[in-house]
Amino acid sequence: MLRRHLPSLSFVAVLTTLVAIGAAVFIYLGVYDVAADQPHTRPVFALLETLRDRSITVRARGIKPPPDLDAPERVRIGAGLYGEMCSGCHLGPGVEQSEMSQGLYPRAPELAKAEHTHDPAEAFWTIKHGVKLSAMPAWGKTHSDPLIWDMVAFVRKLPGMTPEQYKSLVASAPADHDEMMKDMPGMK
């Protein structure tokens, strides 16, 4: 009796094959517009956003921030790194949109806005590993974990920072972080 209500194995196999062929044709014909100046449909954007957020959350589990994450020296070093590497896309208090930031899709979050605050472990994972198809680079290929934690320390301070505070902190950052990296194993 129950058997009449279950789809037959051959029906499932045919349906799966048809879906796979349809997906292959969809991809091969280039039906979906991937141009950065054409936004995704709402369902696609929601799916990609959820996929990104869940992936980061899962992969950041178990990452423990250093106990001195709020140390002023970490924040100062992070300010210099942020000003040099991140502000072109993520901006900062008083920083005007750049040509790069205007051309990104999806747009890079403006990290000075409070709604973009992340758990420190998630911020660390994102900075270290980057995010595919978003223009977010994997800084872990060129920067040590301590320097990435310095960036996290600074990013956590961004919300609520005035343009003057931002400018002053970036200007006060050590200019020799490249020298610091030379002394680290595996760094240039």
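Which side chain does a polar contact of 2.8 Å join to that of H143? The partner of H143 is T142; a polar contact here is a pair of N or O atoms within 3.5 Å, where within protein one must be able to donate a hydrogen and the other to accept it, and residues adjacent in sequence count only if both atoms are side-chain atoms. This is a predicted model, in which local features need pLDDT of at least 70, side-chain atom pairs count only at pLDDT 80 or more, and totals for chains, interfaces and linings use all residues. Residues are numbered from 1 along each chain as its sequence is written, and side-chain values use heavy atoms, with hydrogens and water left out.

**Overall make-up**
- The protein has nine helices and zero strands; helices (H or I, at least four residues) and strands (E, at least two) are DSSP runs, numbered from the N terminus.
- Of the 188 residues in the protein, 30% are buried, where buried means under 20% relative accessible area, exposed over 50% and partly exposed in between (1.4 Å probe, protein chains only).
- Carbon and sulfur atoms hold 62% of the accessible surface of about 12700 Å², computed by the Shrake-Rupley method with a 1.4 Å probe.
- Among contacts (heavy atoms within 4.5 Å) between residues at least 6 apart in sequence, 64% join residues at least 24 apart.

- Helix 6 (residues 120-129) is largely enclosed by the rest of the structure, because eight of its ten residues are buried.
- The buried residues of helix 6 are P120, A121, E122, A123, F124, W125, T126 and I127, and they pack against helix 2 (42-60) and helix 7 (145-157).
- H143 sits in the loop between helix 6 and helix 7 and is buried, at a relative accessible area of 7%.

**Helix 3 against helix 8**
- Helix 3 (residues 72-85) packs on helix 8 (residues 163-172) at an angle of about 100 degrees, with the axes 7 Å apart.
- That angle makes helix 3 roughly perpendicular to helix 8, a label given to angles of 65 to 115 degrees.
- Helix 3 contributes V75, R76, A79, Y82 and G83 to the contact, and helix 8 contributes Y166, L169, V170 and S172.
- By class, the contact of helix 3 with helix 8 has six nonpolar, two polar and one charged residues.

Notes:
Axes are lines fitted to C-alpha atoms, for helices over the stretch in contact, and angles run from 0 to 180 degrees between N-to-C directions. Angles under 35 degrees count as roughly parallel, over 145 as roughly antiparallel, 65 to 115 as roughly perpendicular and the rest as oblique. Ala, Val, Leu, Ile, Met, Phe, Trp, Tyr, Cys and Pro count as nonpolar, Asp, Glu, Lys and Arg as charged, and the others, Gly among them, as polar.
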